[in-house]
Amino acid sequence: MSGGNSAFRITALCIGIAVLYLPILVLIGYSFNASPLVSVWGGFSTVWYAELVRQKSLLDAALLSLEVAFAASSAAVVLGTLAAISLVRFARFPGRFLLTGMVTAPLVMPEVITGITQLLLFVSLLQTFSWPHRGFLTIVLSHVTFCIAYVTVTVRSRLQGADRSLEEAAQDLGAGPTRAFIEITLPLIAPAILASWLLSFTLSLDDLVISSFVAGPATNTLPMLIYSKVRLGISPVINALASLIIAIIGTCVIAAGWLMRRAEQRRELEMREAERANAATALSGARDRPPLAFRSPS
Amino acid sequence: MKRSGNPWRWLIILPPLLFLLIFFLVPFFYTLKISFADSVIRIPPFTDVLTRTATHHLHLSLSLASYRRLFTDHLYGLAYLFSLRLALCSTLICLLLGYPIAYAIARSRRSTQNILLLVIILPFWTSFLLRVYALEAIIANGGLLNTVLLRLGVISHPLVIMYTNLAMYIGIVYSYLPFMVLPLFATLEKLDPSLLEAAADLGSPPWRVFLDVTLPLSVPGIVAGSMLVFIPAVGEFVIPSLLGAPGNLMIGRVLWDEFFSNHDWPTASVVAIAFLVLLVGPIAIYQHISGRQLES
């Protein structure tokens, strides 16, 4: 590759990364600003972090959001994985077209539209069946809906890439199709399932628009509270809160990515060693000698 | 489990199918129903479309008042046009910015590639709301950009970016850039390098190779990335409400106000239905047709 080309590449990357990260870094910087104004640097201070712990409404909202995110991402992972299996493994079934549409549409559907339609559903259900009352449950249900889409996309592509022959070999050796799937393919797609759980968790934790529609008047999630505080301008307490959230999520994502990569590499290494052992056995067998591993040291 | 016709497979298919039917598709029919209701002051704030009379007959009362409002009140037409224009321009800027980034990542070594992808994806994992808010600290009148430019003497008065259309452009491009880069990267990565070499060997200068080979082959990525940016951007709410001028015409914000400030649920439903019919419907049909063409 020519020098000019690589200079261009590096410039493009630097601009991209700067665009993506500069605002976050500036925000973290300001969270340590003793002055409440962004235009004045009042010196280094952790006063806003201390203030954060004192605001009980923020802690309550954070707790609620964490509970919602945990419930929604767990349910979405189960339903989304089932949807991915359906779409990859069953070539045709009635409703396949519908399911394909319904797992892709939430990815592009503007949140205001999803939010208003789901609220109207919940309100109509409440009128007819006196259930569900708006609050924790309705927020979780609506979050599950959009999280399923992200889970299905992630698990689906992983499942398409998974080698079917291993599972078939297990079935040839007498395992039932369900057992073959659980013991062979499930471990293969496990990283994708874990990643999509994490993604669902953070997306649910972050959702403002859909929650605002379906939450009802008495319930406040963390993003709703943050929105009500920053709508009228910059709030130093929220700077501290935002820096904290970004730091926690960033650390979790990097750690999870690193752990998954290590697990992957170990798996690949084991596969390669198994192949090498097989090859060695085959080679030595051809020469009428016991396999290398079993030969006694002479 | 996998043989088609096995009834057990419905144990796998039905849970997600039913869940999405009830909580994703059925809501649109309720919205359609309520779009024909009248707005009244009570809880919930709309009239019944279907009622059961004393003689157990179903009584249907359709009101077209909200639809009439959509066409007579110019606010909605202007809002749609404004949102479409803003989203279209932002998508183009995202494409111009995102393409070189995706190209650069696709041409890097494997080990670098993984790290760069993580770097691009990481902001997407951190809060959307907080990232939009973070922009405020930079572009506000007393923000970092103005402070630096004033100190350097480049400008004598602070630039007014906050609460303008420009702020919304910056917000959308900044927030949606990863959605453009990732699909572009996915197609550029699959590009066969031998094709590029062949074109270069046949005497094409690099820019011709790019225009004749790389660009046409990356069209699926361009389309996918543009969809992922354009449609949500048209209906964006957080960015116009935090960065845009008060009372700006982004359709997502108009719908939000109709709902939360005016408590006019039927009109909000009509705006949502119109959004689907005008935007999501045509794109879905286009995708369906182009998918068919690709298969045949």
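**View 1. α4(A) and α1(B) are oblique to each other.** Oblique is what's left once angles under 35 degrees (roughly parallel), over 145 (roughly antiparallel) and 65 to 115 (roughly perpendicular) are taken out. This is a predicted model, with local features needing pLDDT of at least 70 and side-chain atom pairs counting only at pLDDT 80 or more, while totals for chains, interfaces and linings use all residues. Residues count from 1 along each chain as its sequence is written, with chains lettered from A and ligands numbered from 1 in the order written.

The axes of helix α4 (residues 96–108) of chain A and α1(B) cross at roughly 55° and come within 10 Å. Axes are lines fitted to C-alpha atoms, for helices over the stretch in contact, with angles from 0 to 180 degrees between N-to-C directions. Helices (H or I, at least four residues) and strands (E, at least two) are DSSP runs, numbered from the N terminus.

Handedness here is left: the near helix is turned anticlockwise from the far one by less than a right angle (clockwise would be right-handed). From α4(A), the contact draws on A:L99, A:M102 and A:P106, and from α1(B) on B:P16, B:L17, B:L20, B:F24 and B:L25. Contact means C-beta atoms, placed from the backbone, within 7 Å. By class, that's eight nonpolar, no polar and no charged residues. Nonpolar covers Ala, Val, Leu, Ile, Met, Phe, Trp, Tyr, Cys and Pro; charged is Asp, Glu, Lys and Arg; the others, Gly among them, are polar.

**View 2. α1(B) also crosses α6(A), with the axes within 10 Å.** Helix α6 (residues 136–161) of chain A and α1(B) cross at roughly 120°, which makes α6(A) oblique to α1(B). The crossing of this pair is left-handed. On the α6(A) side, look for A:L141, A:T145 and A:I148; they meet B:P16, B:L20, B:F23 and B:F24 of α1(B). This contact splits into six nonpolar residues, one polar and no charged.

**View 3. Zooming out a bit, 69 residues of chain B touch 66 residues of chain A.** Helix α1 (residues 10–34) of chain B supplies the largest share of chain B's side, at 16 residues. That side has 53 nonpolar, ten polar and six charged residues.

**View 4. Inside chain B, α3(B) packs against α7(B).** Here helix α3 (residues 74–106) and helix α7 (residues 165–190) of chain B have axes 6 Å apart and an angle of about 40°, so α3(B) is oblique to α7(B). The crossing is right-handed. In this contact, 23 residues are nonpolar, three are polar and one is charged.

**View 5. The two chains, each on its own.** Chain B has 13 helices and two strands. Its radius of gyration is 25 Å, well over the 19 Å that the globule rule gives for 296 residues, so chain B is more spread out than a compact globule. The radius is taken over C-alpha atoms, and the rule is 2.2 Å times the number of residues to the power 0.38. The C-alpha atoms of chain B fill a box of roughly 85 × 70 × 30 Å along the principal axes. Chain A has eleven helices and zero strands. The box for the C-alpha atoms of chain A, along the principal axes, is roughly 80 × 60 × 40 Å.

Conventions
Two residues are in contact if their C-beta atoms, placed from the backbone, lie within 7 Å.
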